[in-house]
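Please look over this model with me. My notes on packing, surface and charge pairs follow the display.

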Amino acid sequence: MPTSPPATLPLWSRLRLRLLQLDDAMFEHARPSQPTLVAISLIGSLCMLLYYPIWKYALPQPYESLPLRIAGCVVLLPLSMQRWWPRHLRALLPAYWHATVTFVLPFFAGYMLLRNGGSTAWLLIHLASIYLTMMMFDVAGFLAIFAVGSTLAWLAWLLGPHLPMPVERMLLYLPLLAMAVALGPLASLSQKHADQTRIQALTRASNNIAHELRTPLGALHIAGQAFRRYLPDLLVSHRLAQEAGLPVAELRPAHLEALERGMDTIEHEVGHAHTVIDMLLMAARPLDPQQFRPLHARAVLREAVLRYPYASRGEQERVHLHGEDDFIVLGSEPLLTHVIFNLLRNALFHTGRAGKGEIDIRLEYTANHGLIRVRDSGPGIPPDVLPRIFNRFYSYSEDRGGVAGLGIGLAFSREAVERMDGTISCRSRWGEYTEFLISFPARGTDERA
């Protein structure tokens, strides 16, 4: 996501984009912990209860609170039952995860540390809570959770009954605390390194595949051109041989039609394969700065709809370009074309899987913006999945255990659109439709860049 919304957007759009960025950030912060979320919540709940008798009776501390520990269990347990959450609530899981960790780690440990006058046991527990938070979140997530939880713990201690703070003991603890917080960035390096490694591996694999495939595709293309070039001469020779009474095989009109179709198929499939390779390469590689130029949106869309490598005539007949509106996009034709290709590919896949649905593409132009709508009447997107579809490496399929594909197509599309000073969003009603909206700053068709 960009660091700030485009200045050309209205205020409400910029605020909405900021909220979406915050939601994306929370999702990315929580993603490293996602595979172990159930185990973390169950173990956390168990520890909350088991340590009460230890600190209350076995190794008594100045202060203990059973209600506070029960509250920790209450907020942790729903995380262990996330698979049974209603679909419309699952989109709130990252925010709930942040709030829960803030309560059970920096807040709870910080409050108990202060209420126990900085006892040795709680100094160690507080330090452990910091490292646990580091392990579960990246730098930004850790710093935000630690700051909010610690501030709330201090306010709760300050506003409630408490003993004077043991200044000397806390001063001794501050160097350890500072060192622990300073180590926060190192805790997220493994996740960043893993993502970077995946991108590099994908790029290398894409380059290798492209190199290996383009050579035979080039040979097929040359063979097809030779086939089309010399076939008329062969037909003339065949006709002359027949007229001369030479024994040659009969060549019927159906045979000629089959040959024509074969040449068309070769050219189409070679073009199809090159297009797929280009899409993979553009999606896998980081987007480099490009020299943008004015583009007529309708011309780009019309060419994209014609050039898209449909798997069948039936697929092509399900795609409809509507309206006569047009506007200027200051951008890159390959980038915009591949964005449309990605949206068409997703729409065709999901409507094909559902066995129903048409795909409508519309252009709209107003005084404020130029808009491209890509809408399909297919199965729609579940409400808990919808906020995540633009996240890199996030992919979902209802019939494949929640995982499908590489999760780079829509992330690439968003990056490409934003590079051209636009925005892309999606709205969907599960079971009814999905609509992607690409918005660009208003530029009339007579504008010159």
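1. Basis. This is a predicted model: local features need pLDDT of at least 70, side-chain atom pairs count only at pLDDT 80 or more, and totals for chains, interfaces and linings use all residues. Numbering starts from 1 along each chain as its sequence is written, and side-chain values use heavy atoms, with hydrogens and water left out.

2. Main core. The largest nonpolar core has 39 residues, and Ile372, Ile438 and Phe440 have the most contacts inside it. A core here is a set of buried Ala, Val, Leu, Ile, Met, Phe, Trp, Tyr and Cys residues joined through side-chain atoms within 4.5 Å. Elements giving two or more residues include α12 (297–307), α15 (409–419) and β7 (433–441). Helix α14 gives the most, with nine residues. Helices (H or I, at least four residues) and strands (E, at least two) are DSSP runs, numbered from the N terminus.

3. Phenylalanine 440. Beyond four places in sequence, its contacts (heavy atoms within 4.5 Å) include Phe327, Leu336, Ile372 and Met420.

4. Second core. A separate core of 37 residues includes Tyr63, Leu79, Met112 and Ala180.

5. Serine 80. This residue lies in helix α3 (residues 66–80). Leaving aside neighbours within four places, serine 80 touches Val38, Ser41 and Leu42.

6. Surface patch. Val148, Leu152, Trp154, Leu155, Leu158, Leu159 and Met165 make a nonpolar patch of about 640 Å². Patch residues have over 30% relative accessible area and no salt bridge; like charges are joined within 9 Å, nonpolar side chains (Val, Leu, Ile, Met, Phe, Trp, Tyr) within 5 Å. Areas come from the Shrake-Rupley method with a 1.4 Å probe; for residues, only the protein chains shown count as cover. Leucine 159, in helix α7 (residues 139–159), is exposed at 74%.

7. Salt bridges. The whole structure has eight (side-chain nitrogen of Lys or Arg within 4 Å of a carboxyl oxygen of Asp or Glu). Arginine 419 pairs with glutamate 415 at 3.7 Å. They are four residues apart in helix α15, so about one helical turn separates them.

8. Shared partners join Glu364, Arg373, Arg375, Arg427 and Glu435 into one network.

Methods:
Buried means under 20% relative accessible area, exposed over 50%, partly exposed in between (1.4 Å probe, protein chains only).
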